[in-house]
Amino acid sequence: MDGSSLSSRALQPGNLRDVLQDRLVRLLGRDPATAKPRDVYEALSVAVREELAARWVATQRRVARARVKRVCYLSVEFLPGRALVNALASLDGELLEAARAALEELGLDLDRVAAEEHDPGLGNGGLGRLAACFLDSLATLQYPAVGYGIRYDYGIFTQVIDADGAQRELASSWLRYRDPWEMPRPEARYPVRFGGRVSAETGADGRTRHRWVDTAQVLAVGFDHLVPGNRSPTVNHLRLWSGRALMPFHIAAFNAGDYAGAVTEQVAAKNLSRVLYPDDSTPQGKKLRFSQQYFFVSASLQDLLAGLLAEGWTVRQLPDAVAIQLNDTHPALAVAELLRLLVDEHEVEWPAAVEIVRQVFGYTNHTLLPEALETWPVEFLERLLPRHLAIIYQLNREFLDEVSARFPGDHDRRRRMSIIDEDHGRRVRMAHLAVVGSRRVNGVARLHSELMQQTIFADFAGLWPERFTNVTNGISVRRWLKQSNPGLSALLTERLGHAWENDLEELERLRHAADDAEFRERFRDIKRANKLRLAGVVRERTGIEVDAASLFDVQVKRIHEYKRQVLNLLHVVVRYLRIRANPAAPVVPRTVLFAGKAAPGYALAKAVVRLINNVARVVNADPLVAGRLRVVFLPDYDVSLAQRIMPAADLSEQISTAGFEASGTGNMKLALNGALTIGTLDGANIEIAEQVGAENMFIFGLTASEVAAERARGYVPSEVVAADAELGAALEAIAAGHFSPANRDDARAVVDRLTGDGEPFLVLRDFRAYVEAQARADALYANPDDWSRRAVVNCLGMGLFSSDRSVREYATRIWNIRPVL
């Protein structure tokens, strides 16, 4: 069967209704007349997935016949969002409307049916969403690619907020029902080994060969999610691994009454893919997280090699066949694993294997925070991966010889650059392993890439300056504008046609529209409709009524100290105290929306979540501020909730301590949807300001160099508090328990952190500049037409920040791949 016979039965607008009814009856055994929304969702999803599968087969054939290099993207996180509407819109714009019409005949609404889908619990924040955007762009631009990750049974966690405002974690339910988008691949199963010992044998040829023996094994079993390109014939795939035991059930133990022992191996194997980021505050959690990372990279590399060898490539041709991108340090063990596979399993000489590895890998760094640069105890590798430890030792020895040859006598440099950290209990530095094993190392915003080479990788940049580059992050315009904001999408299409969907820089042709009064008015009307829609979501999820005419001030991201949600909250408290002190004073009505998850083991971040909710409870119940200030924490932030929030935001909070945010992508999504940014000169904020004009943002605070200087001098928060009466009053209200009368010590940890000498994120130091920037935002919002003009400028100035542009830069600068048309 060739590609044409597959396409002859393609899903089309004209046959969608019949196909849907056929799947309801033949697949699900449901009468279309009485089918429930969940039934219809599953039947429609299967019908669409079948079309994607046909296109995927055709894509794989084209790639194999072209015999071209492809990219393999390794990431422990992927946050794709819901698949149904995305797939319908990607396949054919008319197909989406045909589905809407077919469901109306059944008395159903497409949006209601699509809401039956649970967001895949495969990620937590920007790292996973970036990976998903890149897969979307790779398929849209017709690059041959595969993503690899883990099929987490319970994802990150479902966030609920208790009566006292505290975050509580529940197991995610995303796999509670059968996932119609998932394609099990039982033939894609690979043994992953742990423990054992290494034996060395010298052959007749004089070559010493190492064998990893007496190991325990688990199986990694693959499950595919198909990734369609927008208005493109290409469909790539994301392969996710699930842990299984070689012997899942021991009947002898069961018959002997040892029911738990009968399934011990299966439980242990499945634990490898239970949850994303197991809490590593315990030794068991650390071991599980480490084992999980190796499980994922070993299965992925075995699968990748098997596929390439089946196509006729040899292992020595790997640099011509594939580029492997490490998305942060979590997959860095892939460097040692590929060396093991090449040397031990495929008989490649060590020097040649090292050269192959260094030509194949690329490493994307996402953080300058030392605590986020993973290190693992050498003892873990001694017990769990002894062969890999020997490989790392040999790689490190040769690398340090190179360092010594370039910098003779500089022993401190050797110590700093070593893959093995000898100063903190002997640990393997995963970022160093990734740099040593990669051809290219990139940051994700211009400032981040510069700081990366000046700080954490300064020695490496001095040794290999050509190895370092920058690729500024981008976002998928299909997800974050076309699907999230249909009103604005229709307006843009009316003026530009559909070209902007796959080429966001087309927006440049509309720059003049900011001065078009009629365009601004329509833009304003679309924003108001989006705000009304979000107000409904807020009411449904929290019971809080918000005024769509108020300024929607939005901070939605992972809860972390450097992202400074508490700086935003301090301004809320000051605003609240001002209104109470002078209720008759005019004020711009404002709704402040927070959303984001705190890591289960991150006590201070969880204390911030509780404080936000406690402040919200007091503010929202106070009749003196009614109609002028509302505070909302939307629980369980995910992609689908983000798609409601981004189009409705007026003000985008991007207020991280300068020099700490690698890039950010929420800033891009919000600006593209017409929000004005209040932010520091950090991450991609700098490049956004260059594109839209700093005068169309509210920039404040210390720069990265000023932050470094302040920290070097010795930051003393008490001096800032003493000089700022409003700040002191806000801190006192929080510390005294005004917002947590039932437990006055609830916020003590947060206040102590903010006021303690040397607080690393300089929250209070930037406070007054932040309040002044907020005053500028109030003044501008009081002039709706001027605000709308600047919002339009922001939207139309975001052409640079598409993930399509990012992927093209990776393709040319790092991967050396080309589209297969």
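## Arg578 and Glu726

Arg578 is partly exposed, with a relative accessibility of 39%. Here buried means under 20% relative accessible area, exposed means over 50%, and partly exposed lies in between (1.4 Å probe, protein chains only). Glu726 is partly exposed too, at 28% relative accessibility. The model is predicted: local features need pLDDT of at least 70, side-chain atom pairs count only at pLDDT 80 or more, and totals for chains, interfaces and linings use all residues. Residues are numbered from 1 along each chain as its sequence is written, and side-chain values use heavy atoms, with hydrogens and water left out.

What joins the side chains of Arg578 and Glu726? A salt bridge does, at 2.7 Å from N to O. The pair links distant parts of the chain. Arg578 sits in helix α24 (residues 565-581) and Glu726 in helix α31 (residues 725-735), 148 residues apart. Helices (H or I, at least four residues) and strands (E, at least two) are DSSP runs, numbered from the N terminus.

## Salt bridges overall

The whole structure holds 77 salt bridges. Each is a side-chain nitrogen of Lys or Arg within 4 Å of a carboxyl oxygen of Asp or Glu.

## Pairs involving strands

Asp224 and Arg185 form a salt bridge, with the closest N and O atoms 2.8 Å apart. Asp224 belongs to strand β8 (residues 216-228) and Arg185 to strand β5 (residues 182-194), so the pair ties together parts 39 residues apart in sequence. Buried or exposed? Asp224 is buried, at a relative accessible area of 0%. Arg185 also counts as buried, at 14% relative accessibility.

Asp214 meets Arg197 in a salt bridge of 2.7 Å, N to O. Asp214 lies in the loop between β7 (208-213) and β8, while Arg197 is in strand β6 (residues 197-202), so this pair ties together parts 17 residues apart in sequence. Asp214 is exposed, with a relative accessible area of 56%. Arg197 is partly exposed, at 45%.

Return to Glu726, partly exposed at 28% relative accessibility. Elsewhere, salt bridges that share partners join seven named residues into one network: Asp410, Asp412, Arg413, Arg415, Arg416, Asp423 and Asp459.

## A nonpolar patch

Phe249, Ile251, Phe254, Tyr259, Val263 and Val267 make a nonpolar surface patch of about 530 Å². Patch residues have over 30% relative accessible area and no salt bridge; like charges are joined within 9 Å, and nonpolar side chains (Val, Leu, Ile, Met, Phe, Trp, Tyr) within 5 Å. Areas come from the Shrake-Rupley method with a 1.4 Å probe; for residues, only the protein chains shown count as cover. Val263 is placed in the loop between α9 (259-262) and α10 (264-271).
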